[in-house]
Amino acid sequence: MKKVYAIEEYCLACHLCEYYCGFSHSGEQSMVKAYKKGSPQARIQVEEGSEVNFALNCRHCDNPICVKSCITGALTRGDDGVIRINTDKCVGCWTCVMSCSYGAIVRGHDEKKVALKCDLCTENGDTPACVEGCPNRALVFEDRGDAK
Amino acid sequence: MKYVIIGNSAAAVGCIEGIRKTDKSGEILLISDEKYATYSRPLISYWLSGKVVDKNMFYRPENFYEKNNVKTLLGVKVTAIDSASKVLTISDGSKVSYENLLVGTGSRPFVPPIEGVNECKNAVTFLNWDSAKQLKAMINEQSNVIVLGAGLIGLKVAEGLAGHVGTLTVVEMAPQLMPSVLDEAGATILQKHIEKSAVRFVFGDSAAKVQANELTLSSGKKLAFDVLVVAAGVRPNVELVRDAGGKVGRGIVTDDKMTTSLDNIYAAGDNVEAIDIVTGTRHIMALLPNAYMQGETAGINMAGGDAEFSKAMPMNAIGFFGMPMVTAGSYDGDEYVEKGEENYKKLVFKGDRLVGYIIINDVDRAGIYTALIREKIDLKGVDIELLKQRPQLMLFGKADRKRILAGGGIAE
């Protein structure tokens, strides 16, 4: 399946992927409006280092420990391989945060306090917003076959 | 192939999903003494508080059994296993045969031998949905409630009751709360936080005698109550396997494939003891993630596949009154500690490995620490200063990082 991959040599740590991700999941039509209303949280996170930077979101593992560990059944893996969270069922226990080896699941900061994660923008379009918005092609959306 | 599953919680669901990975048509019969479709046991305190409503209690969608072609027999108990003839005896007198059996019987509340406790009509335990319903029916906004035990269940009951009752007192034998999960410093931070919600603690004391509305502690102190919740731990339901001649230690003994010492009988969940990969010792790690993964492993093997679950370790992700907390592994080793008013982080190292941690409040990305422990990562190649700062993938060298970012896992 197609997933988002980071190319750390190209990442400028501009954090635009985070802004586009937050906007894409805000439900707003305009980015200005979305950010005026508050700060929509991103499901992708940039790590900044002394020499390189990279962005990281859910790896959509074939054998997802977060889904197996979820105490409510809120996390599921669809037939399309995409791991999604049902925020109506999530109670914010953070078992998934404890379990994900990549640290890819984000704690929601709004009043719902539920887990947030990358859904590959499958609801919103073909190419994930983070990839579309990256100005330096440090994020690509491609099928690399079966990663381990 | 005919599969029979005893139990209807995480281990059972994991088993069904494990079986159906390879065997789409074999007959599956699930037997449970609870009448509900599979629901999330850890949610009962959320349900008690009103945060989770009935329809969100269910662990799988409504069509789960149908979709997986599972027949259910609910509200009855399996009373015996005849492993030689592969036949189960059911509480209604009927018999059920199996080819492969999963025992996912879980645990039951432990009630300490306190004088008068069994005769006390307003004393309850708290482990399943029915017990939560019973408790909810007993309380009102004036009730004085005493909870015996400040472990995970006791504190979750307290959280579920807070704001719905008059007074709330938690009595704990140990000098701190959550003695099996937190160290003293972490426990103190959590205690101060919980006390803000009008929960009162009595430490270093235990129940000696229960009368109708009065609890006498070992110290001689007397406390009045309307409702007493006994949350003094659980005991594994091992009897079916033991009586059938299976090997039982603290829990049912299984290998990494989740097979018991009896042919064609597997076990998974809170009734099973497993090897803790951090300490190498065998004990019961009663956690939902372990139960699911053990069940799934059993299911795959029951259907003729080849799976192992060999990465059990104690871990907890649990919040109280809005204060999140994550712990994992063992606390025996060299410590790195950061402590604030409401924040706490303790990393425990042994040689070149991370073996445990406690984090209160800033739990973001803690799974990276968990993975370092679970995969026994040699830290010689990683940047320890970055590791101490916060969980991040930047701590790995370039080659490892490339593999990890591609989804190849923390371990090589």
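A compact globule of 412 residues would have a radius of gyration near 22 Å, and chain B comes in at 23 Å, so the two agree. Keep in mind that this is a predicted model. Along its principal axes, the C-alpha trace of chain B spans about 60 × 60 × 35 Å.

**Overall make-up**
- Chain B has eleven helices and 26 strands.
- Of the 412 residues in chain B, 43% are buried.
- Take the contacts in chain B between residues at least 6 apart in sequence: 64% of them join residues at least 24 apart.

**Domains**
- Chain B splits into domain 1 (2–107 + 235–302), domain 2 (123–232) and domain 3 (324–405).
- The centres of domain 1 and domain 2 of chain B, taken over C-alpha atoms, sit 30 Å apart.
- Where these two touch, domain 1 of chain B brings ten residues and domain 2 of chain B brings ten residues.
- On the domain 1 side of that contact in chain B, you'll find six nonpolar, two polar and two charged residues.

- Three strands of chain B form an open sheet in the order β13-β14-β15, with antiparallel pairing.
- At the edges are β13 (207–211) and β15 (222–224) of chain B, each pairing on one side only.
- From one strand to the next, the twist averages 20°.
- Strand β14 (residues 214–217) of chain B is joined to β15(B) by three bridges, and the two run antiparallel.
- Which residue in β15(B) is the bridge partner of B:Thr216? That's B:Lys222.
- In general, strands of a sheet pair through backbone hydrogen bonds, either parallel or antiparallel.

Note on methods: Residues numbered from 1 in each chain as written. Chains lettered and ligands numbered in written order. Predicted model: local features only at pLDDT ≥ 70, side-chain atom pairs only at ≥ 80, totals over all residues. Helix = DSSP H or I, 4+ residues; strand = E, 2+ residues; numbered from the N terminus. Rg over C-alpha atoms; globule rule 2.2 N^0.38 Å. Buried ≥ 20, exposed ≤ 12 C-beta atoms within 10 Å, placed from the backbone. Contact = placed C-beta atoms within 7 Å. Domains from an automatic or database assignment. Nonpolar A, V, L, I, M, F, W, Y, C, P; charged D, E, K, R; others polar. Pairing = 2+ DSSP bridges. Axes fitted to C-alpha atoms, helices over the stretch in contact; angles between N-to-C directions.
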